[in-house]
Amino acid sequence: MAPSGNVPAAVTVILPHHDCAEYLSSAVGSVLAQDRPDLRLTVVDDCTPGEEWVSGLLPYAGDRRLTVLRTSVNVGHLRIKNKVLETVTTPYVAFQDADDMSLPGRLRHQLALLERDGADLVGCAYEYIDDVGRTTGRRRMPRNGNLWMRLGRSTVVLHPSSVVRSTVLRALGGFDGTARLGADTDFHLRVARLYRLRSVRKVLYRYRIWPKSLTQAPDTGFGSAERLAYTKAMNAQERRRRQARTRAELMPLLVAPPNDVDFALTPVDIR
């Protein structure tokens, strides 16, 4: 649904991409088909070899809500999100993975919870799908994420299914700019210290589990050396936050380090 007239955008959707041409078109289409037309979609290719991925975007070349960029070097999705945030002017930021899909009404339901109920970061229930799109399971996230985190649960929102206030991202310095993976959990831990995490109980997102996904690939998946090392460092930082005796001690521990890689984003012409 294209915006009519001069509808000001309420949300910027950030969609990083690397070597995922097979699914990119459906991911982009699922965002642009949302019934909240007041959106912007920024697709950022993370220096994928070749140009095959561009062809999947051709059906959307005329959509003025779509911006396509490319990184000068491969940096990972977290650094990309931090970089895009520097130019975001909308009050909300949403995320989308290149191999997943947003179901109809996703942004409408999540933005309603942000706009009317005072939440600061909103996730949703989601379904697991395999490499050909078959549903293999469903998961509902807790309605009140803060409560569950106080009870010891660290995963209360599926990061790519979330929508967050831009002010929250900026106040916390975005994501850990030294990490390629795992820092979405770190971000949620930091958000929960100061802000309200909520989830829509309705299934609004399709989360693909396949061999090349970031959480399944041998070098980056659960159990990989890189992910285990980051989890260890993240847990140590969280222990330091718990030991802070004053707000003045706590606040520096909540601000993420900036990107440690210098890179540029350049526009990609998909016409």
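Visitor: Which residues have the most contacts inside the largest nonpolar core?

Guide: This is a predicted model, in which local features need pLDDT of at least 70 and side-chain atom pairs count only at pLDDT 80 or more, while totals for chains, interfaces and linings use all residues. Residues are numbered from 1 along each chain as its sequence is written, and side-chain values use heavy atoms, with hydrogens and water left out. A nonpolar core is a set of buried Ala, Val, Leu, Ile, Met, Phe, Trp, Tyr and Cys residues joined through side-chain atoms within 4.5 Å, where buried means under 20% relative accessible area, exposed over 50% and partly exposed in between (1.4 Å probe, protein chains only). The largest such core has 40 residues, and those with the most contacts inside it are Val 11, Leu 15, Leu 24, Val 28, Leu 41, Leu 107 and Val 163.

Visitor: Which element gives the most to this core?

Guide: Helices (H or I, at least four residues) and strands (E, at least two) are DSSP runs, numbered from the N terminus. At least two residues of the core come from each of β1 (11–17), α1 (21–32), β2 (39–45), β3 (66–71), β4 (92–95), α3 (106–117), β6 (121–129) and β9 (197–208). With six residues, the element that gives the most is α1.

Visitor: How many residues does the other core have?

Guide: Another core lies apart from the largest one. Among its members are Leu 169, Val 191, Leu 254 and Phe 263, and its residues number 31.

Visitor: What does Val 11 touch, not counting residues up to four places away in sequence?

Guide: Contact means heavy atoms within 4.5 Å. With residues up to four places away in sequence left out, Val 11 touches Asp 38, Leu 39, Arg 40, Thr 90, Tyr 92, Val 93, Ala 94, Leu 107, Leu 111 and Val 163.

Visitor: Are α7 and α8 roughly parallel or roughly antiparallel to each other?

Guide: Axes are lines fitted to C-alpha atoms, for helices over the stretch in contact, and angles run from 0 to 180 degrees between N-to-C directions. Angles under 35 degrees count as roughly parallel, over 145 as roughly antiparallel, 65 to 115 as roughly perpendicular and the rest as oblique. The axes of α7 (residues 225–243) and α8 (residues 247–254) come within 8 Å and cross at roughly 160°. The two helices are therefore roughly antiparallel.

Visitor: Are α6 and α7 roughly parallel or roughly antiparallel to each other?

Guide: Helix α6 (residues 183–194) packs with α7 at an angle of about 10°, and their axes are 10 Å apart. The pair is therefore roughly parallel.

Visitor: How many charged residues does the contact of α6 with α7 have?

Guide: Ala 183, Thr 185, Asp 186, Leu 189, Arg 190 and Arg 193 in α6 meet Tyr 230, Met 234, Glu 238, Arg 241 and Arg 242 in α7. This contact has four nonpolar residues and one polar residue, and its charged residues number six.

Visitor: Are α6 and α8 roughly parallel or roughly antiparallel to each other?

Guide: Their axes come within 10 Å and cross at roughly 150°. In this contact, Arg 190, Arg 193 and Leu 194 of α6 meet Arg 247, Met 251, Leu 253 and Leu 254 of α8. The orientation of α6 and α8 is therefore roughly antiparallel.

Visitor: Is Arg 241 buried or exposed?

Guide: Arg 241 is found in helix α7. Not counting residues up to four places away in sequence, Arg 241 touches Asp 186, Leu 189, Arg 190, Arg 193, Leu 250, Leu 253 and Leu 254. Because its relative accessibility is 3%, Arg 241 counts as buried.

Visitor: Where does Asp 19 lie?

Guide: Phi of Asp 19 is near 55°, a positive value in a residue other than glycine. At 39% relative accessibility, Asp 19 counts as partly exposed. Its place is the loop between β1 and α1.

Note on methods:
Nonpolar A, V, L, I, M, F, W, Y, C, P; charged D, E, K, R; others polar.
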